[in-house]
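The structure is shown first.

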Amino acid sequence: NGYEIVVTERAREIKRRNLLETDLEFNKKTKIEEIKKETNLKSASGFVWNNFIFDSDEKALQNIHGTYTIVKATNSFTGSWWDKDNVSHTMTAQEFIEFSEAFFYFQNYTKRKSRELKNSVLSLTTIAEVKGFKILWT
């Protein structure tokens, strides 16, 4: 009857969930998803340059990269860049290049560290190790 099919499907779903929770690969994938989320948060949280915190989200990346390209080509920059507290920072061309390179370093470090964390998770051999793995950015 139809009731038995529903019960059977529900039982299969419960069994599948229990298996997944005890499966090493499932736990690794779950931890890697946590790392991806943390990476996105870290990448967009802001970066420090000259003791000020500047935006580091995707829009900041586009703006800095575009301006950096022009400044490198012309060696000219007259302007300011705003930090996360809406404080304007006037920079020379050389200062803007240094600022941009600090930003690029921050972005690259975040991606590199994320890869290291993911590789560490992939090398773990027990579920307990995966569940106990701490995502540390230092």
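## The largest pocket

H3 contributes the most residues to the lining of the largest pocket, namely four. Helices (H or I, at least four residues) and strands (E, at least two) are DSSP runs numbered from the N terminus. A pocket is an open set of points on a 1 Å grid over the protein atoms alone, where a 1.4 Å probe fits and protein lies on both sides within 12 Å along at least five of seven lines; lining residues have an atom within 4 Å of a point.

The lining consists of Asp55, Asp57, Lys59, Ala60, Asn63, Ile64, Trp81, Trp82 and Asp83. Both H3 and strand S3 (79-82) give two or more residues to it. By class, four lining residues are nonpolar, one is polar and four are charged. The space in this pocket is about 150 Å³.

## Basis of the model

The model is predicted: local features need pLDDT of at least 70, side-chain atom pairs count only at pLDDT 80 or more, and totals for chains, interfaces and linings use all residues. Residues are numbered from 1 along each chain as its sequence is written, and side-chain values use heavy atoms, without hydrogens and water.

Beyond its neighbours within four places in sequence, Ile64 is in contact (heavy atoms within 4.5 Å) with Phe47, Trp81, Phe96, Phe99, Ser100, Phe103 and Phe104.

How values were computed. Points joined across faces, edges and corners; volume = space filled by probe spheres on them. Nonpolar A, V, L, I, M, F, W, Y, C, P; charged D, E, K, R; others polar.
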